[in-house]
Amino acid sequence: MSTDVEVVGALQDPAPWFERLERMWSRFDAESALSQLNRWAGRWVAVPPLLHLAVRRALEAARVTGGAFDPTILPALIAAGYGRSFELGPTEPGPPVPAGRWREVRLGPGAVFLPPGVALDLGGIGKGLAVDLVLRRLRRRQPASSLMVNAGGDLALWVRAGDPPWVVEVADPFAPDRVLATASLRRGAVATSSTLGRRWGPGRHHIIDPVTGRPADSGLAAATVFAPTATRADVLAKACLVLGAERALQLLASRKCHGLLVTAGCSLILTPGLEEFIYVNAE
């Protein structure tokens with residue numbers, strides 16, 4: 001997943017679980033189940049249960065966010081220059097390719113239909129969903145243990161009664177070594193997305209506006225979302241960056257989630273009530 005994974009409290013190494021999910025969902029692996037599905041657009045394709053689950057959750061996320069989160073943005077990502085794994089450098093950009101075709105994707109029992117010309121990218125939901133699945137599996141095996149799973153900032157945890165809450169640090173997107181805020185959590189998840197991390201040129205980053213097919217330019221530089229699951233936090237954080245502050249706050253309120261938004265001008269916007277369990281470093 002091109003990221004560091006941290007797991008606390010596990011008695012068994014969960015790395016093989018993450019590796020299995022990456023082999024299933026990665027668009028950068030030509031042999032992954034997702035890549036094979038994308039190659040067979042225009043016909044029904046039988047897919048493994050874990051891929052079916054990821055596509056189903058991605059389509060649900062598109063509906064919830066009104067299309068601000070859109071799993072059909074892969075052609076737009078490639079057109080923007082993000083055609084291969086980020087550490088390998090950008091690819092040749094092309095004209096923008098608007099997305100918005102998620103409504104045309106169809107699900108059947110154990111199968112997915114992609115219309116011709118449609119290809120899926122699960123990068124906007126894959127880390128969060130992987131974190132949730134691994135945490136759920138660990139909890140089944142260790143029901144009495146406090147557990148935390150963190151994949152590159154997509155974090156979910158469960159703290160047992162009697163143990164202290166987990167302190168989660170939110171980095172300043174403009175100065176990643178600086179802690180912008182801290183929160184004390186016992187349950188749930190948090191995810192941060194930013195337009196500043198994965199950049200390969202002026203105005204070029206991996207958060208795509210599905211309407212324009214171009215990298216989002218909503219006035220937000222980063223969004224941190226607190227939600228019941230890492231999947232939901234991951235999706236909502238990315239949708240916020242596409243929507244901009246005003247509509248992001250409306251979306252978060254409608255989903256009963258909290259968020260910390262950072263504007264391109266370094267201003268902070270907190271959802272009402274967030275100040276009850278988060279400390280913001282104002283220095």
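**Figure 1. Lining of the largest cavity in the predicted model.** The largest cavity is lined by Gly-81, Tyr-82, Arg-84, Ser-85, Phe-86, Gly-89, Pro-90 and Trp-200. It holds about 30 Å³ of space, and the count comes to 1 cavity of 30 Å³ or more. On a 1 Å grid over the protein atoms alone, a cavity is a set of points where a 1.4 Å probe fits but cannot get out, a pocket is an open set with protein on both sides within 12 Å along at least five of seven lines, and lining residues have an atom within 4 Å of a point. Grid points are joined across faces, edges and corners, and a volume is the space filled by probe spheres set on the points. This is a predicted model, in which local features need pLDDT of at least 70 and side-chain atom pairs count only at pLDDT 80 or more, while totals for chains, interfaces and linings use all residues. Residues are numbered from 1 along each chain as its sequence is written, and side-chain values use heavy atoms, with hydrogens and water left out.

Figure 2. Arg-27 sits in the loop between H1 and H2; helices (H or I, at least four residues) and strands (E, at least two) are DSSP runs, numbered from the N terminus. Arg-27 is buried, with a relative accessible area of 14%. Buried stands for under 20% relative accessible area, exposed for over 50%, and partly exposed for values in between (1.4 Å probe, protein chains only). Not counting residues up to four places away in sequence, Arg-27 touches Leu-34, Ser-35, Leu-74, Leu-77, Ile-78, Tyr-82, Gly-83 and Asp-121; contact means heavy atoms within 4.5 Å. Between the C-alpha atoms of Arg-27 and Leu-74 there are 8.8 Å, although these residues are 47 residues apart along the chain. Tyr-82, one of the contacts of Arg-27, also belongs to the lining of the largest cavity.

Figure 3. The 16 residues of H3 (residues 49-64) should span 22 Å at 1.5 Å a residue, and the end C-alpha atoms are 22 Å apart, which agrees. The expected span is 1.5 Å times one less than the number of residues in the helix. Leu-50, Leu-51, His-52, Leu-53, Ala-54, Val-55, Ala-58, Leu-59, Ala-61 and Ala-62 are the buried residues of H3. These pack against helices H1 (15-25), H2 (33-39), H5 (126-141) and H6 (230-243), and against strands E3 (106-108) and E4 (111-113). Just after H3, Gly-66 has a positive phi of about 65°.

**Figure 4. The second largest pocket.** About 340 Å³ of space lies in the second largest pocket. It is lined by 16 residues, of which Arg-57, Glu-60, Thr-229, Thr-231 and Arg-232 are the closest to its centre. H3, H5 and H6 each supply at least two residues of the lining.

Figure 5. All 8 of the 8 residues of E12 (residues 220-227) are buried. E12 pairs with E9 (residues 187-194) in the antiparallel sense over 6 bridges, and Phe-226 is the bridge partner of Val-190. Strands count as paired if DSSP finds at least two bridges between them. E12 also runs antiparallel to E13 (residues 258-263), joined by 6 bridges. In this pair, Val-225 stands opposite Gly-259.

Figure 6. H7 (residues 245-254) has Ala-248, Leu-251 and Leu-252 as its buried residues. They cover an arc of only 95° around the axis, which puts them on the same side of H7; the arc is that of the directions from the helix axis to the C-beta atoms. An α-helix has 3.6 residues a turn, so residues three or four places apart point the same way. The buried residues of H7 pack against H3, E12, H6 and E13. Exposed residues Glu-246 and Ala-253 are carried on the face turned away from the buried side. Lys-256 is not a glycine, yet its phi is positive, about 55°, and the residue is exposed, with a relative accessible area of 77%.

**Figure 7. The E7–E8 hairpin.** E7 (residues 166-172) and E8 (residues 175-185) form an antiparallel pair over 7 bridges. The two strands make a hairpin with 2 residues between them. Val-168 stands opposite Ala-183 in E8.
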